[in-house]
Amino acid sequence: MELTFRETLPSDVERLFSVRARTRENPISKEQLAELGITPEAIAGGVASGRIKGWICSHDSDLVGFCNGDGETGEVIVLAVLPDYERRGIGNNLLSRVVEWLRSVGSDTLWLAASPDTRIRAHGFYRSLGWRPNGKTEQNGDEILVFDSDKTLRSNRTDVR
């Protein structure tokens with residue numbers, strides 16, 4: 001299986017929304033995201049300005065996963081991988097790239113929001129990589145996980161081109 005990783009371009013944004021809507025445990029449609037103020041135009045603008053940066057993973061020409069971060073806040077905004085591509089190291093690889101970038105732009109506190117439900121795969125995934133709850137939650141009930149910028153992300157990342 002030939003997987004390629006590269007930085008997200010503004011022209012990729014529509015496909016990001018398609019992947020996000022097809023994840024296994026937390027799919028969110030383009031319409032639901034728009035209700036939250038997350039639109040293709042807003043994301044493309046953030047990517048074009050440099051505030052938001054991310055990486056995508058493609059298999060042949062199909063986008064199969066992506067991860068985005070916000071350089072101003074230190075937030076890992078989203079990590080999404082299609083079900084058929086789970087458990088292949090893609091999420092870990094993408095997250096590692098975003099963490100490295102956030103550190104490079106001076107983000108001291110790296111954070112993300114994730115479900116506190118132990119039955120959700122993300123719960124164990126992030127913790128296994130060193131992310132820890134800080135005791136805060138979002139309005140939707142997601143807990144805030146933080147990653148010490150001095151730590152090394154526990155990763156099995158391989159540099160697949």
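Visitor: How many residues does the largest nonpolar core have, and which of them have the most contacts inside it?

Guide: Happy to show you! A word on the ground rules: this is a predicted model, where local features need pLDDT of at least 70 and side-chain atom pairs count only at pLDDT 80 or more, while totals for chains, interfaces and linings use all residues. Residues are numbered from 1 along each chain as its sequence is written, and side-chain values use heavy atoms, with hydrogens and water left out.

The largest nonpolar core has 33 residues. A nonpolar core here is a set of buried Ala, Val, Leu, Ile, Met, Phe, Trp, Tyr and Cys residues joined through side-chain atoms within 4.5 Å; buried means under 20% relative accessible area, exposed over 50%, and partly exposed in between, with a 1.4 Å probe and protein chains only. Phe66, Val76, Ile90, Leu94, Leu95, Tyr126 and Trp131 have the most contacts inside this core. Two or more residues each come from β1 (3-7), α1 (13-20), β2, β3 (62-70), β4 (75-81), α4 (90-104), β5 (109-114) and β7 (143-148). These helices (H or I, at least four residues) and strands (E, at least two) are DSSP runs, numbered from the N terminus. Helix α4 gives the largest share, seven residues. In soluble globular proteins, nonpolar side chains tend to be buried together.

Let's stop at Ile90. Leaving out residues up to four places away in sequence, Ile90 touches Leu3, Phe5, Cys57, Val64, Val81 and Tyr85, where contact means heavy atoms within 4.5 Å. Another core lies apart from the largest one and has seven residues, including Ile28, Ile43, Val47 and Ile52.

His59 belongs to strand β2 (residues 52-59) and counts as buried because its relative accessible area is 19%.

With 61% relative accessibility, Asp60 is exposed, and its phi is near 55°, a positive value in a residue other than glycine. Arg87, in the loop between β4 and α4, is likewise exposed, at 72%, and has a positive phi near 65°. Most residues other than glycine have a negative phi.

Asp12 sits in the loop between β1 and α1 and is buried, with a relative accessible area of 3%. Its side chain makes a polar contact of 2.8 Å with that of Arg6. Beyond its sequence neighbours up to four places away, Asp12 touches Arg6, Glu7 and Ile56.

Our last stop is Val146 in strand β7, which is partly exposed at 23% relative accessibility. Setting aside neighbours within four places in sequence, Val146 is in contact with Thr109, Leu110, Trp111, Gly130, Trp131, Arg132 and Asn134. Among these, Trp131 brings us back to the largest core, where it has some of the most contacts. The C-alpha atom of Val146 is 26 Å from that of Ala34, 112 residues away along the chain.

Terms used
A polar contact is a pair of N or O atoms within 3.5 Å; within protein, one must be able to donate a hydrogen and the other to accept it, and residues adjacent in sequence count only if both atoms are side-chain atoms.
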